[in-house]
Each structure stands twice: as structure tokens, then as C-alpha cells.
Amino acid sequence: MTSTNPFFSPSTLPYELPPFADIREEHYLPAFEQGMAEHLAETEAVAANPEPPTFENTIVALERSGDLLDRVSKVFFNRASSDTAPGIQEIEAKVNPALAAHADAVHLNADLYVRIKALYASRTELGLDAEALRLLERYHTRFVRAGAELSEEGRERLKALNARIAEASTAFEQNLFADTKAAALVLDSPEELSGLSADAVAAAAANATALGHDGKYVLSLKNFSNQSELASLDDRALRRRLLEASLGRGLTSNGELTVRLAALRAERAALLGYENHAAYVVADQTAGTPEAVTSLLTRLVPPAVANAEREAAALAAASGLEDFSAWDWAYWSEKVRKAEFDIDTAAMRPYFELDRVLRDGVFHAAGQVYGLSFTERPDLIGYHPDVRVFEVFNADGSPLGLYLGDFFARASKRGGAWMNSLVDQSALTGRKPVVVNNLNVAKPAEGEPALLTYDEVNTLFHEFGHALHGLFSDVRHPFFSGTAVPRDFVEYPSQVNEMWVTRPEVLAHYARHHETGEPMPAELVARMEDAERFGQGFRTVEYLAAAVLDWAWHTIPAGHDPGDAEEFEAAALKEAGLALPAIPPRYRSTYFAHIFAHGYSAGYYSYIWSEVLDADTVEWFKENGGMRRENGDVFRRELLSRGGSVDPMAAFEGFRGRAPRIEPLLARRGLTG
Ligand SMILES: [Zn+2]
């Protein structure tokens, strides 16, 4: 076993791309077990070193430790998200609590902390350069936040809490996966799907076949409350069924888990000396204090609700319905968009063919702004046949890293879109970055083109912004690599990359009809931008409602019982002025995986927080002549290449020349009134 497990030695493939062709399910668990054992032994050796602590024999030694564990973790968790299987889920359920216990064993090693604390106390006398000094400070903070200053008894309590939290998060995620699958709508005839495009109907038929319902039509649920089909299904009763199926996810299986997770996190925060979990989380974010977050959210709610109410009135009037409801919103919004702005979002899709958007849009923009070029490497194998591998080069032809694209939805993939790092850049290890983007584009029938919606085009540019953050990383220590920045900063570079979607010179390049090659008519583009502003009320409110829910769950004090999940949720929305029956939160609590399973607890505010920086940065590009290599070079040098190696807000101010301003965000979202 030892000699054949591909995780046990570094990959010999270009860029240390994991040897996916050799990796099988039975390799994961032994690699995790040995990886944790090796890492623990390495950290214990650092702690037991008889020499007095130095930066090199303590901090750098820790940076070099845990290689095997890192290799298997990156591959496994990517696989668990994008191509899971019953066996993978079993491993996940075993490994998550083991990893939480392992992290505690490292961070709560008293001898190790004594060395870090001693170095930290003399940090200004060690002759460290800026990155090394910051690394030492970050290690100290990380250990303190992980409980290193607690008494022996406190440390034991913390370990028990961490284990229960890890277990409950895994259960939440697995229940949600099962529930989402089970809540798919199975329909008998294509007539029921009236309103959907022919290829969407074909995709529903293919989906049915894949799920064992040959000859039927299956609408599988995607992450959000609002399902994309709601915009076009003519049958109002079916729209209602679809939305209710979506909103009902997790109500029976995850209600108790959300309450338990919130209570456990509150208890852990109190143990670590914080008023609540949100205070604990944001102390280490750019926001700093819960008040800063509350103040931004409460500032945005009234104008966003006013916009949404105007939109609701217009839609209700257009529909002529006495009981205009949540399941009518997207449908009538589409009709009004068509009537008022002459925009038919379905008619736009033929101009957004996936491969063209990728090469002539996303890659082209990265070429214009940063001088990058891309070569597909069919000789390099991904973890699934749908995965494509591209080698990325700098303007001078030097190799930068690998970019993997996994764009299609499948039953084994979780919803949403995201970026993962498979190999972290670091000068210390000599590694170049390997990153992957995952999307959930419906896979077209054999031989048909994959046509994207406008939202999916945006998502592709967004996720590629995260990929650039990983690819441009130019740091010494793995701790700081790529996207290892505070969560309320990490969405900033990805949002900035969305600006190229509608830049005329980029759009003209990629938005061409997949059959005729005709460019998308210029006036359609202009109308599209106008139409984008219509609907901002809805989008801002559904987002804020989710952010407020996250905040409410994570500002409860220790010992407070949140009671029933649904009642807690309703009360939180009402209190924030966001209980609009026609606009459900983007996620309801029981399927809010971001905060109950994926590490965004007390962090969903990050998207709008980062958008302040994003909108201000778009202004900077405009002020400086837009899409110019010089601008890209500055943004890359000052921001994208730095990872976590500098204070993020200092990096922003260094590049922007001042602190961020909120006005560009308010203008963009129509919130100035
Ligand atoms: Zn993102």
C-alpha cells in the first residue's frame, strides 16, 4: 500500500499537478492518517527542539511541515465538493472531526506555543524583514485565537466544542446534499415545462435519464432560494411548487443542527473571551468590530427595501395579479425587462457560448490587462473527464501556473461556483500555483454548444478573479499564498474581475452568435446595462436578508437558546426590516451552507463589504484610462501578488492612494436616494 499510494510522495507531473489518474478512493484515508501523524511528529519535533527558538527553527520549520497532509487535503476536499460519492462522504464524515482534533493538537501544544510566544516578545530584535515579521505576528495571533492562552481545563473544553462543531457541520452539509437531490421536481411531459427554452427542456430530459427517470423531465435544485427556471416557466402552480421545494430544503433535517451550531459557536466564543461568535470572527477580519458590520448593513437596508418595493409595485401591476407572490417575481421581472428595456435574457444566450466566453472573454481580458496567455494541455489529466487543464504564461513567456476549469453541473457536484487551490505558490517550497474553478453550467446534450446565461458569464469572470489571485501569488511563505487573506477581503479581487464582462472591447470580442458568428448588437449591450439596474432592489434585499440571518445566528450570546430555527429566522428578518414575503433571503438558514458548513459563519457580510473596495477600484481603473496593461501591472504588483503577506487594507490604500469610499457602491446599486 505504502509504495503505491500516490499521495505519499510529491507529484512528478508539471507544476506538481496531483496525479489524478492514479488516485483512487482507497488512497485518501491512509494518506490522511499518515499525513496527520507526520505533521504531528514534525510539530512535536519543533516544540521539543533543545536549541533556543529562532525564526528559522520554529516558524520556518512549521511552514515546511505537513506536506503530505496538505497534498491529500487539497485533492480530497476539491473532490468532495465537485465529484462526491457515497464512499467520499463516508471518508469526509470520519476525516472532518479528525482534522479538527488534529488542528487542536498542533495549536494547543503548550511547548510549541512557549517558543512562538518568546519569539513574538522579541520580534523587533530578530532582524526580520516585513514578510517574516508579519508571519511571526500571524502565527502568534493564530495560536492565541485557537486557544493557546487558555488553562489546561479550558483547552480540553475547547477541543470538545471543536469536535462537536466539526461533526455538526459535516452532518448539515450531507443532509443538505441529500435533501437538495430529493427535492428535485420530476415531471412527466415537456408541456409542463412550457416557457423553458428547447435546450433547457433537453437538459431536463438528460438530467432525468442521469438520475434514473428515463423518459421524464427533472428540474434539479440549485443553491439559491430562487431557481433560474422561475424566470420562464409559464405554469404558475409549477413555479410555486419549484420555489416551495427550494425554500423547504433542510427544514426537517437541518433545523435542529442550525440551532446547535449557533449555540456551540457562541459557547466557544465566550470561552475565548468574546461576546459572541461574530465578535470573535471579525476581530481577525478587516472589519475589526461587529459594530462596523452592523453599521454597513443597517445603512443599506432602508434604500434597498425602498427600491425593492418600487420594483414589486411595478411587477404586481404588470402581472395584474391580486396575489402577486414570490414565485411570480422572476417571471414578471423577465416580462417587464423585455417590455421596458427590450431585453430578452433567453435571446442573449446564443451569444454566450462557453468556450468562446472563456477564450475570447475571460482569457482575452487577462491578456489585455495582465499580458497573460493560455495553452490548453490535453496531456494533463484532471480529476473528472469534464475538467480542462490550461498552462498560463506571463507576457515575457515565463510559466506562471496551471488553471483547471470544471464548468459543468453534475449530480455529484455541490451547487454554486468556487475556486480552489490544488498547489500553493511559495518561494520557500519553490512551488508554482495550480488552481481550479468550478461552475454549475447545465451540460448540453452531445454535440450541442453550452450556452450561458448572462449571470453565468458574470460568475465565470468572478471565479477567474479568484483564480488570478491564486496564480499571481508571489510570496515566500505558504501561509500567505494567494487567497490566504481575510474572508471579508477575498471577494474583492474576484469582484473586480467582473468589470471586464461589459467592457465594450471585451464584450465585442466574446459575445458572438454561436451559429452565425455575428457580434451581439451594440444597442442590446447598452439596454442590457440599463436592465441590470432594474432588479437591483431585489438582488440587494435578498442578499442583505441572508447577511442579516448569518449575523443574527452568530450574535447570540453564550447560553442563549435560539429556540426553533424557523421562528428565529422569521424574527431576525422582521427585526431588520427585511421580512418581505415576495423576496425570500438568498438562502434560508436550513440550506445556508456558506455559514453552517463552509467556513463563512459571521462572514456573509463579506460580499458587500468587499464590494465597497471593488466599486472604488473600478473607479480607479476608469480614472486611469481603463483597460491598460499599466493599470493591470499596478493592480497585480500592489494587490494580487501579495496574498496575505501584507496588511490588506494597507495594500488597498497603497494602490488607491487613500482609504476606500462607499459612494461608488451606493451609485452602482442605486442606493443613493
Ligand atoms: Zn467569490
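Two strands count as paired here if DSSP finds at least two bridges between them. With that in hand, welcome to a predicted model whose open sheet of 5 strands runs in the order E3-E4-E5-E7-E6, with mixed pairing. Strands (E, at least two residues) and helices (H or I, at least four residues) are DSSP runs, numbered from the N terminus.

Residues are numbered from 1 along each chain as its sequence is written, and side-chain values use heavy atoms, with hydrogens and water left out. Because this is a predicted model, local features need pLDDT of at least 70 and side-chain atom pairs count only at pLDDT 80 or more, while totals for chains, interfaces and linings use all residues.

- The edge strands, each pairing on one side only, are E3 (373-376) and E6 (418-423).
- From one strand to the next, the twist averages 30°; angles run from 0 to 180 degrees between N-to-C directions, and axes are lines fitted to C-alpha atoms, for helices over the stretch in contact.
- Helix H16 (residues 454-471) packs on the sheet and touches E3, E4, E5 (399-408), E6 and E7 (434-441), where contact means heavy atoms within 4.5 Å.
- The direction of H16 makes about 170° with that of E7.

**Strand by strand**

- E3 and E4 (residues 388-393) run antiparallel and are joined by 4 bridges.
- On the E5 side, Phe390 stands opposite Tyr403, and Arg388 has Gly405 as its bridge partner.
- The hairpin of E4 and E5 has 5 residues between the strands, and Gly397 in this hairpin takes a positive phi near 90°.
- E5 pairs with E7 in the parallel sense over 6 bridges; Leu404 has Val436 in E7 as its bridge partner.
- How many residues of E4 are buried? In E4 the count is 5 of 6, so the strand is mostly covered, where buried means under 20% relative accessible area, exposed over 50% and partly exposed in between (1.4 Å probe, protein chains only).
- E5 is mostly covered as well, with 9 of its 10 residues buried.

**The zinc site**

- Which residues are the protein donors of the zinc ion? They are His462 (NE2), His466 (NE2) and Glu491 (OE), lying 2.1 Å from the ion.
- Donors are N, O and S atoms within 2.8 Å of the metal (3.2 Å for Na, K and Ca), and sites may look incomplete because water is not among the atoms.
- In sequence, the spacing of the donor residues is H-x3-H-x24-E.
- His466 lies in helix H16 and Glu491 in helix H17 (residues 487-497), so this pair ties together parts that are 25 residues apart in sequence.
- Both His466 and Glu491 are buried.
- Helix H16 also holds Asn458, which is buried with a relative accessible area of 16%.
- Leaving aside neighbours within four places in sequence, Asn458 is in contact with Glu498 and Val501.

**A helix pair: H23 and H24**

- Helix H23 (residues 606-623) and helix H24 (residues 629-640) pack at an angle of about 145°, with their axes 10 Å apart.
- Thr617, Trp620 and Phe621 in H23 meet Asn631, Gly632, Val634 and Phe635 in H24.
- The residues of this contact divide into 4 nonpolar, 3 polar and no charged; Ala, Val, Leu, Ile, Met, Phe, Trp, Tyr, Cys and Pro count as nonpolar, Asp, Glu, Lys and Arg as charged, and the others, Gly among them, as polar.

**Backbone spots to check**

- Most residues other than glycine have a negative phi.
- Glu16, although not a glycine, has a positive phi of about 55°.
- Where does Glu16 lie? Its place is in the segment before helix H1 (25-48), and at 26% relative accessibility Glu16 counts as partly exposed.
- Ala602 is another residue other than glycine with a positive phi, near 55°.
- Ala602 is found in the loop between helix H22 (593-596) and H23, and is buried with a relative accessible area of 0%.
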